[in-house]
Amino acid sequence: MAHCKECHGEHAEGQPNWRMQGPDGRYPPPPLDGSGHAWHHTNAVLLDVIKHGSPGGLGNMPGWQDKLSDQEITAVIDWFKSLWPQQAYEVWYQIELESHRQ
């Protein structure tokens with residue numbers, strides 16, 4: 001929470017209009033509570049985004065590789081996955097399993 005809440009909100013609710021590009025062409029921080037798109041991504045993708053920042057410069061997510069270890073980043077991912085509704089988690093789990101089969 002110490003690192004995420006400033007942008008993603010006190011309850012991981014994200015910013016209003018997170019699906020719309022801002023005037024700078026970048027997307028605001030999405031919710032992490034299961035109502036956004038984080039559950040569409042595998043652990044590897046989530047770790048990479050947190051570690052290196054927004055892919056393709058499409059968002060304002062900074063890279064945290066200099067402040068958080070991989071273990072801390074994994075703990076952050078586990079924390080926000082704990083906020084997801086059961087259905088979102090179940091779909092994510094299938095995506096995660098499929099990624100390991102490829």
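1. What covers the buried residues of helix α4 includes α2 (43-52) and α3 (70-81), where buried means under 20% relative accessible area and exposed over 50%, with partly exposed in between (1.4 Å probe, protein chains only). Helices here are DSSP runs of H or I with at least four residues, numbered from the N terminus.

2. Please keep in mind that this is a predicted model, in which local features need pLDDT of at least 70 and side-chain atom pairs count only at pLDDT 80 or more, while totals for chains, interfaces and linings use all residues. Residues are numbered from 1 along each chain as its sequence is written, and side-chain values use heavy atoms, with hydrogens and water left out.

3. Which residues of α4 are buried? They are Ala88, Trp92 and Glu96, and because they fall within an arc of 70° seen down the axis of α4, they line one face of the helix; the arc is that of the directions from the helix axis to the C-beta atoms. The face turned away from this buried side carries the exposed residues Gln86, Gln87 and Arg101.

4. Among the 15 residues of the largest nonpolar core, Ala38, Ile50, Ile77, Phe80 and Trp84 touch the most other members. Such a core is a set of buried Ala, Val, Leu, Ile, Met, Phe, Trp, Tyr and Cys residues joined through side-chain atoms within 4.5 Å. The elements giving two or more residues to this core are α2, α3 and α4, and α3 gives the most, with 4 residues.

5. Ile50 touches, among others, Met61, Trp64 and Phe80, not counting residues up to four places away in sequence, where contact means heavy atoms within 4.5 Å.
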